[in-house]
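Hi,

Have a look at it first, then read on.

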Amino acid sequence: MLTFAMLVLAAAPLPDPSPHPAELKTYKDWVVACDNGNSCSLASLDPVIGASVNATLNLTRDAGPEGGLRISLSAVVDGAVPAGLSIDGKPVGKTFKSTARGVTLDGTGAMAVAALLGTSKALTVTDASGKRIATLSPNGLAAALRQIDTAQGRDGGVTALVAKGAKPASAVPAAPILPMIIAMRPSGQAARPTAQQITALARSAKCHVDPTIPGKADAFALGADKALVLVQCVAAVYNISYAVFIIDNGKPRPARFDSPTGSGEATIVPLVLNAKYKGGTLTSYGKNRGQADCGTGQSFVWDGAKFRLSAQSDMDSCRGNTNFITTWRARVTRP
């Protein structure tokens with residue numbers, strides 16, 4: 001006999017298991033997004049009016065009352081390496097730490113700098129000698145910071161960056177729990193497909209096949225007598241697409257994904273861009289132009305039946321910043 005509680009549970013909608021990466025919002029010369037864990041990031045862009053700049057600024061703030069914050073300054077391709085930042089003519093963030101392409105700042109130092117950004121009129125990135133490398137546009141920065149305050153429930157509180165008030169930190173909602181993916185550990189060995197098999201797979205994916213040119217493909221063992229096969233499909237100027245197959249007990253079939261891949265194409269066989277497979281993770285990195293300052297980066301893990309999206313980052317404005325914004329995350333465990 002069904003009880004009332006059982007009927008309620010039966011009628012309740014099941015949670016949607018498919019990933020929903022966040023959408024980016026652009027405020028003049030800044031872009032911002034908050035991922036499914038409500039971690040929010042903003043990034044500087046080349047100004048709408050004016051010349052391109054030689055450095056970029058990215059800021060990320062974690063969700064929850066503590067809300068850790070990080071700021072990074074990065075060089076553009078072949079540019080001078082940033083070492084510091086001046087706001088309205090005053091050097092700030094003396095404890096920046098060096099990285100390969102610039103510097104980062106976190107903790108109380110980053111919080112102090114972020115508090116000045118919302119009212120800034122001039123942002124200057126400098127090198128180690130204090131010489132100006134770039135001038136960042138402040139247009140839209142206050143609105144982007146306010147968007148973070150709003151999304152994380154900091155409006156009117158002491159932890160807000162722009163929308164400050166008297167509400168205590170305890171009033172800020174906790175960070176949402178990230179989805180968990182139980183992924184398989186790769187095991188076994190995968191036999192490399194023959195030239196004839198590669199040609200057949202490429203044709204089934206409707207790739208542009210030239211029978212006089214040997215096809216290219218790589219195979220990787222997934223475990224449980226299954227293998228991943230990446231077949232090169234189309235080689236463009238800055239993106240190479242790969243058709244993704246699963247070989248199950250010797251029989252090929254198109255791979256399944258729980259999220260659209262970065263190729264953006266509706267095809268029978270899924271396509272990933274500039275693909276790499278390492279340590280049980282398949283990555284796709286699609287560039288919208290050669291400078292690699294816009295596009296989508298994705299990471300997928302195999303759960304035994306399909307590839308699950310474990311991370312995604314995006315940049316929809318081709319305006320000089322190659323540090324994409326995280327729009328989706330999942331926790332991955334491998335029993």
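This is a predicted model: local features need pLDDT of at least 70, side-chain atom pairs count only at pLDDT 80 or more; totals for chains, interfaces and linings use all residues.

Let's start with the sheet of five strands, which is open and has the order β18-β19-β20-β21-β22, with antiparallel pairing. Its edges are β18 (276-278) and β22 (325-329); each of these has a single partner strand, so one side of each has no neighbour in the sheet. At the β22 end, β21 (residues 307-315) pairs with β22 through four bridges, in the antiparallel sense.

For the overall picture, the protein chain has 335 residues, and 45% of them count as buried. Its secondary structure consists of four helices and 23 strands. The C-alpha trace spans about 70 × 65 × 30 Å along the principal axes. If you take the contacts with a separation of 6 or more, 54% are between residues 24 or more positions apart.

There is also an open sheet of four strands, again with antiparallel pairing, and here the order is β7-β6-β10-β11. In this one β7 (90-92) and β11 (132-136) are the edge strands, and because each has a single partner strand, one side of each lacks a neighbour in the sheet. The average twist from one strand to the next is 30°. Inside it, β6 (residues 84-87) and β10 (residues 123-126) run antiparallel and are joined by four bridges. Gly84 is the residue standing opposite Thr126 in β10. Have a look at helix α2 (residues 107-117) as well: α2 lies across β6, β7 and β10, and runs at about 40° to β6.

Next, strand β5 (residues 69-75). Six of the seven residues in β5 are buried, so the strand is mostly covered. One of its partners is β4 (residues 55-61), which runs antiparallel to β5 and is joined to it by seven bridges. Asn58 has Ser72 in β5 as its bridge partner. Strand β9 (residues 102-106) also pairs with β5, antiparallel too, over five bridges. There, Ser74 stands opposite Gly102 in β9.

How much space lies in the largest pocket? About 300 Å³. The lining has 20 residues, and the ones closest to the centre are Ala191, Ala227, Val229, Ile247 and Gly250. Elements that each supply at least two lining residues are α4 (195-204), β13 (217-223) and β14 (226-235). Sorted by class, the lining comes to eleven nonpolar, six polar and three charged residues.

- Ala255 sits in the loop between β16 (251-254) and β17 (271-273). Is Ala255 buried or exposed? Its relative accessibility is 6%, under the 20% cut-off, so Ala255 counts as buried. Phe245 is ten residues away along the chain, yet the two C-alpha atoms are separated by 4.8 Å. Apart from neighbours within four places in sequence, Ala255 is in contact with Val244, Phe245, Ile246, Pro270 and Phe307.
- Asp225 belongs to the loop between β13 and β14. Its phi is positive, about 60°, although Asp225 is not a glycine. With a relative accessible area of 59%, Asp225 is exposed.
- Asn249 is in the loop between β15 (240-248) and β16. This is another residue other than glycine with a positive phi, in this case near 50°. Asn249 counts as exposed, at 56% relative accessibility.

That's what I have for now.

Cheers

Note on methods: Residues are numbered from 1 along each chain as its sequence is written. Side-chain values use heavy atoms; hydrogens and water are left out. Two strands pair if DSSP finds at least two bridges between them. Axes are lines fitted to C-alpha atoms, for helices over the stretch in contact, and angles run from 0 to 180 degrees between N-to-C directions. Contact means heavy atoms within 4.5 Å. On a 1 Å grid over the protein atoms alone, a cavity is a set of points where a 1.4 Å probe fits but cannot get out, and a pocket is an open set with protein on both sides within 12 Å along at least five of seven lines; lining residues have an atom within 4 Å of a point. Grid points are joined across faces, edges and corners, and a volume is the space filled by probe spheres set on the points. Ala, Val, Leu, Ile, Met, Phe, Trp, Tyr, Cys and Pro count as nonpolar, Asp, Glu, Lys and Arg as charged, and the others, Gly among them, as polar. Buried means under 20% relative accessible area, exposed over 50%, partly exposed in between (1.4 Å probe, protein chains only).
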